[in-house]
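Visitor: Hi, could you walk me through this one? I'm new to it and would like to ask as I go.

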Amino acid sequence: MLTTDFVTGSPNWLDLGSPDIDAAAAFYGAVFGWEFRSAGPESGGYGFFQKDGKTVGAVGPLTEEGASPAWTVYFQTPDADATAKAVEQHGGRVRSAPFDVFEAGRMAQFTDPGGADFAVWQPAAVKGLEKASESDALCWAELHTGDPEGAFDFYRAVFGWRSQTMDVPGMTYTVLSTGEGDQQDASFGGLAGLQGDAEETRWIPYFSVADVDETVTRAQGSGGSVLMPASDVPDVGRMGWLADPFGAPFAIIKPEPPQ
C-alpha cells in the first residue's frame, strides 16, 4: 500500500507537465476538488495541487523540447547522483542531471531502457506528498512496457524493488514492492505488458476516488476524455483511464477492499 512513510524506491512525488497551468488547475479542481497553490514568482509557474490543505501533486510548464503533457512519477532516493549513475550503468538515460531545487530537495529525471520517463526526489525541506491512498490522492503507480522482465531487472538494480506475480483477466500482472519491510505491505505499484500496438510505454498514476463513474462524468464535463471505460476487476476494484483536456493520461480506482 502506498503511504507517505517514504523509503528508498517508493513513489514520493508526482507532477504534471502542462501547456496551460490555469486550465489544468481548473480541470483537476473540478474532477478531484484540488486547489492550486503557486510555489512563488521564482518557480517559473510551478505550483502545488492540494486537498484539505495537504499536497497531493504538483503542476508546471512543459520544459523539454517536444514534450507531451504527462504526469511524472518520482521515486525516493537517498542520493540522486548515485541513482543517476545506476540508471546509466543499467541502460537508462539521464534526461535531466541531478540538481537542487532551492532548499526543498534534489531531483533528476530519467528514461528507462524501454522508453518510460520517471524521476527521483532526494528529500530535504520537502519530504514528498502529504496524502496518499486516500480519496482524490495517489494510491498506485503502474508501468506499461513492452518488456516487463527487462523493465523489472532495471528498476530492481536501481531501487532494489521486489516483485510478485498475479493473474488478472487477459495478462500476468507484476506487483511491485520496495526493498524494505513486509513485501505485501510495501507494495506500491504494478508492471504490465502493453495491450495492443497503439499503447505507449509509460508510467500511469492511479488516484483513489469514492465513485469512479461519477468521477468519469465530471472529467468528461470538464473537457477530459475516456481512454478506458470504467470496469470492475475482481478483488482489485472499479477503475478507468482518463486524459485531461491536453491529453495527459491518468487512472482512477475505487479499491476493493477499500483502503
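Visitor: What do β6 and β7 form, and how many residues sit between them?
Guide: In this predicted model, β6 and β7 make a hairpin, with three residues between the two strands. F102 is in the turn and has a positive phi of about 50°.

Visitor: And do they run parallel or antiparallel?
Guide: Antiparallel: six bridges join β6 (residues 93-101) to β7 (residues 105-111). Across the pair, F99 stands opposite M107 in β7.

Visitor: Is S133 buried or exposed?
Guide: S133 counts as buried because its relative accessibility is 7%, and the cut-off for buried is under 20%.

Visitor: What about D136?
Guide: D136 lies in that loop between β8 and β9 too. Phi of D136 is near 65°, again a positive value in a residue other than glycine. D136 is buried as well, with a relative accessible area of 11%.

Visitor: New topic: what is the strand order in the open sheet of eight strands?
Guide: The order is β10-β11-β12-β9-β13-β16-β15-β14, and the pairing is mixed. β10 (162-168) and β14 are at the edges with a single partner strand each, so one side of each has no neighbour in the sheet. On average, neighbouring strands are turned by 25° against each other, direction ignored.

Visitor: Which strands does α1 touch there?
Guide: α1 packs on the sheet and touches β13 (202-208), β15 and β16. The direction of α1 makes about 15° with that of β16.

Visitor: And which strands does α3 lie across?
Guide: Helix α3 (residues 148-159) lies across β9, β10, β11 (171-177), β12 (187-193) and β13. It runs at about 145° to β12.

Visitor: Last one, α4. Which of its residues are buried?
Guide: In α4 (residues 212-221), V212, T215, V216 and A219 are buried. Seen down the helix axis, the buried residues fall within an arc of 105°, so they line one face of α4.

Visitor: What covers them, and what is on the face turned away?
Guide: The cover includes α1 (21-32), β14 (225-233), β15 (237-243) and β16 (249-255). The face turned away from the buried side carries the exposed residues T217 and G221.

Visitor: And what happens at the start of α4?
Guide: There, a side-chain oxygen of D211 comes to within 3.1 Å of the backbone nitrogen of D213.

Methods:
Residues numbered from 1 in each chain as written. Predicted model: local features only at pLDDT ≥ 70, side-chain atom pairs only at ≥ 80, totals over all residues. Heavy atoms only, no water. Buried < 20%, exposed > 50% of the residue type's maximum accessible area, 1.4 Å probe, protein only. Helix = DSSP H or I, 4+ residues; strand = E, 2+ residues; numbered from the N terminus. Arc of directions from axis to C-beta. Contact = heavy atoms within 4.5 Å. Polar contact = N/O pair within 3.5 Å; in protein donor to acceptor, adjacent residues only side chain to side chain. Pairing = 2+ DSSP bridges. Axes fitted to C-alpha atoms, helices over the stretch in contact; angles between N-to-C directions.
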